[in-house]
Amino acid sequence: MLRKNEIVTLRIEDMSDEGLGIGHTDDGIAVFVKDTVIGDSVRVSITKVKKTYVFGRAVEILTPSPDRVMPRCPVARSCGGCQIQEMSYPAQLHFKEDKVLGNIRRIGGIACRKAGLVRRTGKDQCALFYPIIGSRAPFHYRNKSEYPVGRDKNGKLVAGFYAGRTHTIVSGAQCVIGIEENQPILNAVLGWMETFHIPEYQEATGKGLVRNIMIRCGFATGQIMVVIVANADRLPHEAELVKEICGALPLAESLIGEADPAVDSCGVRRAITGIVLNTNKERTNVILGRKNRTLWGSDAIEDAIGNIRYRISPLSFYQVNPYQTRTLYETARAYAGLTGKETVWDLYCGTGTISLYLAPYAKQVYGVEVVPDAIVNARENAKLNHINNAQFLTGKAEEVLPREYQEHQIHADVLVVDPPRKGLDGSVIDTIAAMAPERVVYISCNSATLARDLAVFAQKGYMTRKIQPVDMFPQGVHVETVCLLSKLSEAKNHISVKVDMDEMDLTAAESKATYQEIQEWVQEKYRFHVTHLNIAQVKRKHGIIERENYNKPKSEDSRQPGCPEEKEQAIEEALKHFQMII
């Protein structure tokens, strides 16, 4: 077994969902290595040893991967913001596409074939998987950046990002995924703090004033909002702070007149239109508090996606990549198949961005969101766009949807979901199935929980038809995915089709490890035996659905023994090894 600080030589063969390179020693032990790229040959120092895998630090790149590039950011390795900036953008897209497809097949058990391939016998029951849509702007694309303020390891006052797995702040003034206007604004705020001896907030003691600097930009309008997050209701020398920030960039009033060459790629010049003080006195890692006070200008900015305008306050949720947001929403609209006659439900609607984007093409839209302030923003945005066929409801989706369906008999022709990373609550899927919409459009930021939910939908009679990854986060590991699910016909309309497995693409049966393979893996690694029942119990725990008749008790009151803890842990490690769970 490897020991801490031992040096090994590896070839990086794969990457984890967190962007860590994965190589294997001669005896098959998986080693996870930060800042490596698939195809690298590296010397690695072991930093942490687990039972079946280890972590390491790259000490020398022996042979760089053909996909390795020099990162644009000078602090790319120390900053925890961009995990794969050392990988060329085409390779990033390939990695993300493979990650989504692998999760859909292995975790969800969904048979897929890549769109554009020639259809052969038996392919009708496969979901179409489309190539990932890359961004035309892989740098300087974020319309919102949040910078904690503190001291770096040399004691210098900085605003930036936390280094990976630490609370050490690395300067982010030259961040290459934020807008270029961020740097002069950060310099202005830090200069004001130095001049007037304004103390930064200290997590350990809860003392100090300035906690974070948040900058939001409307790419379609050029409007910029600066939000100072402070451990107080007021700051000393606020007038001087406003003067410093306003001097960092042109103000909105200066936009009137002749065109200026200092414009972005869309031809819109950017200018500061509002400065807001946000109060957060809580001892928490949540960035924003609930109280805002406008120091200068407007308390919100506006932006547009297509023909829909949105008013964005400091607390509003809004997609961070405007270049790709329209691509995402257009894909969702196309999958919804709207003709102007449909009733659409949009769950986890936030400030109503998707709801309002779909409303001109639908008969009626209902948006559901748990955050009351977001619903207020959604209603304001509906008025801003003169949209009268969108209604917004406050509450948890798992509570609002059953209530409206059962008590008010509100149906859905199309249902759109855009849940958080944890995916959908089981009761939400149950109610969606009961409402029986013709189509479900599932937008996900986590392909693993998406795959799990698609498997549950399949049990409820919904087949996954189309899958479209969209790269919303270049230089990072996350990826958005849009899926179209449609309700299967009633049983009387089904026909029996004999499918030759040799003619199909990689299916659930081919992409998952068998029970015997899992048993053999556990036997080899842990030197004890696990039963098929043990494996089935752990798979169910992780949402890997078993066949309906597999290992069911023979009667309702019969009892099955639980899986012992040490066997459960071993099986979980096996499932991770075979990439069936993350």
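Buried means under 20% relative accessible area, exposed means over 50%, and partly exposed lies in between (1.4 Å probe, protein chains only). These legends describe a predicted model, in which local features need pLDDT of at least 70, side-chain atom pairs count only at pLDDT 80 or more, and totals for chains, interfaces and linings use all residues. Residues are numbered from 1 along each chain as its sequence is written, and side-chain values use heavy atoms, with hydrogens and water left out.

**View 1. N321 is a buried residue in a loop.** With a relative accessible area of 0%, N321 counts as buried. Its loop runs between strand 17 (308–312) and helix 4 (322–336); helices (H or I, at least four residues) and strands (E, at least two) are DSSP runs, numbered from the N terminus. Look for the N321 side chain reaching the backbone nitrogen of Y323 at 3.1 Å. Leaving aside residues up to four places away in sequence, N321 touches S135, Y141, N143, D471, M472 and P474 (contact means heavy atoms within 4.5 Å).

**View 2. C445 sits in another part of the chain, in the loop between strand 22 (439–444) and helix 9 (447–459).** Here C445 touches P419, P420, R421, V479 and E480, not counting residues up to four places away in sequence. The C-alpha atoms of C445 and P420 are 7.3 Å apart, although 25 residues separate the two along the chain.

**View 3. C175 and C349 are buried cysteines.** A disulfide is a pair of cysteine sulfur atoms within 2.5 Å, and the count by this rule is 0. For C175, the nearest cysteine sulfur belongs to C82, 5.9 Å away. C175 is buried because its relative accessibility is 17%, and C349 is buried at 4%.

Definitions and conventions
A polar contact is a pair of N or O atoms within 3.5 Å; within protein, one must be able to donate a hydrogen and the other to accept it, and residues adjacent in sequence count only if both atoms are side-chain atoms.
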